[in-house]
2 protein chains.
Amino acid sequence: MPVQKFHKKVGLVDDHQLFRKGIAELVNSFPQFYVSFEASHGEELQKMLSPLNLPHLIIMDVNMPNMDGFKTMLWLKEHFPDIPVLALSMMDDEQSIVRMLKSGVKGYLLKDAHPSELLNAMNTISDNGFYYTDFVTGRLINSLNENDSSKKQHQQLTEREIQFLCLCCSEYSYKEIADKLYISPRTADGYRDKLFEKLNIKSRVGLVLFAIRNGLFKL
Amino acid sequence: MPVQKFHKKVGLVDDHQLFRKGIAELVNSFPQFYVSFEASHGEELQKMLSPLNLPHLIIMDVNMPNMDGFKTMLWLKEHFPDIPVLALSMMDDEQSIVRMLKSGVKGYLLKDAHPSELLNAMNTISDNGFYYTDFVTGRLINSLNENDSSKKQHQQLTEREIQFLCLCCSEYSYKEIADKLYISPRTADGYRDKLFEKLNIKSRVGLVLFAIRNGLFKL
DNA sequence: TTTTGAACAGGTGTTTTCACGGTATTTTTT
DNA sequence: AAAAAATACCGTGAAAACACCTGTTCAAAA
């Protein structure tokens, strides 16, 4: 693949080889772009990003091993802030989207987008610097209106409450949890009641679901 | 794309358009194959499969909306048992793999496989009828040795137990769950005790974690 | 035809969870 | 220095969860 004038270099970062190669074929089929390098995760990207041959655009998966999309974005923002990144993800949940937008991606496409939308996004990012679909902006706006309820909530949880919450995601009784935290069972009850109040939850199962949904407890 | 002799027709089924188009490009880049049709899920496949123009091979995603890979396989086995199916999945867990193998797929590739392995798999399936990697057969053999513990456990759950289990993943009390299932609270207790016994679990939180980890309850 | 198993229901008692009421100490913020 | 927030703790009583039994009905499998 020769380097041609007016053809913009694209870097691909995705751990799924088949998907990556597929996208590569697709990108190369667009006359104005070509894939200049591929990496399977953030660490590999770090090694491949030579200042002498930077891509004009990076297309990156969000969920990757070793170094995920979010961490990779933080690194890119520090070292190569001028390279726009288009995030590709299967996650359509608010958390993932908002997280990536905050980290500075210039576009966020779902993996079931139409190829023409990919091309459109790539062109728009090249020309205007960003490409946000209504879907994505909708999610973002939605997240802004949730300050009072779900979002602020688990940000104002204290360290100790989070520890307690994570231990609730187990078959331990509150008494056993208290043992593990070196507190009295009554105190554990206190944390539970406090969490119930803060999160507007009424049962331990509710705590478990909250912890999992908000990534405080990994399965 | 003209129909050429010796060029084998391939059908693609995957709900992620970008991935599908990518794979399509890839398949079309192999001289001995070309994509004759694409569908985004099982239902669409049913409509597109004309007996007058059957593909020689179907490449199918496992996780799809409407009609997933497993259901689609059941239908294919009944109506077009002679078309070999190559499963593509991101799931590398034993459950998914064994389930698909049992349903009769002729190959199972992870989406992070190398494109050359895809080509290899397609060729091998065409020539020999099947292509199973060591990874896949390993998982299969492993699953045979797990009859007693993890595998049999959640496959021998009855429909009613699964319903009950899903309702446990909420803030409903067992009494309220009983109401929703139109059974007496005692019966609900019975289901709980039965599940505890079958799954070797001791608390409701354990049930919740089990249900989530095994995909019986979607967050 | 006997047996197995799913679905359903009840009894009894213990343990855990939850709701509601508090207090005291320390750290952080203002 | 005062206010606020985090940490830790306690009592009571009701409700829910859990353990360990009993049983019937019905349909499918051996």
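Author: Two strands are taken to pair if DSSP finds at least two bridges between them. The model examined here is a predicted one. In chain B, strand S1 (residues 8-13) and strand S3 (residues 57-61) run parallel and are joined by four bridges. Within this pairing, Val10(B) has Leu57(B) of S3(B) opposite it.

The pair belongs to an open sheet of five strands in chain B, whose order is S2-S1-S3-S4-S5 and whose pairing is parallel. The edges are held by strand S2 (33-39) and strand S5 (107-110) of chain B; each has a single partner strand, so one side of each is left without a neighbour in the sheet. On average, and with direction ignored, neighbouring strands of the sheet are turned by 25 degrees against each other. Across S1, S2, S3 and strand S4 (85-89) of chain B lies helix H1 (residues 17-29) of chain B, which runs at about 160 degrees to S2(B).

Chain A also contains an open sheet of five parallel strands, in the order S2-S1-S3-S4-S5. Strand S2 (33-39) and strand S5 (107-110) of chain A form its edges, each with a single partner strand, and one side of each is therefore left without a neighbour in the sheet. In chain A, strand S1 (residues 8-13) runs parallel to S2(A), to which it is joined by six bridges; within S2(A), Val35(A) is the bridge partner of Val10(A). Helix H1 (residues 17-29) of chain A packs on this sheet and touches S1, S2, strand S3 (57-61) and strand S4 (85-89) of chain A, its direction making about 160 degrees with that of S2(A).

The two chains also meet one another. In this interface, 36 residues of chain A contact 36 residues of chain B. About 3,000 Å² is buried between the chains, with 72% of it on carbon and sulfur atoms. Of the area that chain A buries against chain B, Leu18(A), Glu171(A) and Val205(A) supply 24%, more than any other three residues.

Helix H10 (185-199) of chain A and helix H10 (185-199) of chain B are the elements that give two or more residues to the surface near DNA strand C.

DNA strand D is likewise surrounded by 15 residues, among the closest being Thr158(A), Ser184(A) and Tyr174(B). Sugar and phosphate make up 71% of the atoms of DNA strand D within 4 Å of the protein. A side-chain N or O atom of Thr158(A) lies 2.5 Å from a phosphate oxygen of DNA strand D, and a polar side-chain atom of Arg186(A) lies 2.7 Å from a base nitrogen. H10 of chain A and H10 of chain B are the elements giving two or more residues to the surface near DNA strand D. By class, that surface has four nonpolar, five polar and six charged residues.

Methods: Residues are numbered from 1 along each chain as its sequence is written. Chains are lettered from A and ligands numbered from 1 in the order in which they are written. This is a predicted model: local features need pLDDT of at least 70, side-chain atom pairs count only at pLDDT 80 or more; totals for chains, interfaces and linings use all residues. Side-chain values use heavy atoms; hydrogens and water are left out. A residue is near a molecule or strand if one of its heavy atoms lies within 4 Å of it. A polar contact is a pair of N or O atoms within 3.5 Å; within protein, one must be able to donate a hydrogen and the other to accept it, and residues adjacent in sequence count only if both atoms are side-chain atoms. Ala, Val, Leu, Ile, Met, Phe, Trp, Tyr, Cys and Pro count as nonpolar, Asp, Glu, Lys and Arg as charged, and the others, Gly among them, as polar. Contact means heavy atoms within 4.5 Å. Axes are lines fitted to C-alpha atoms, for helices over the stretch in contact, and angles run from 0 to 180 degrees between N-to-C directions. Buried area is the accessible area (1.4 Å probe) that two parts lose on being put together, summed over both.
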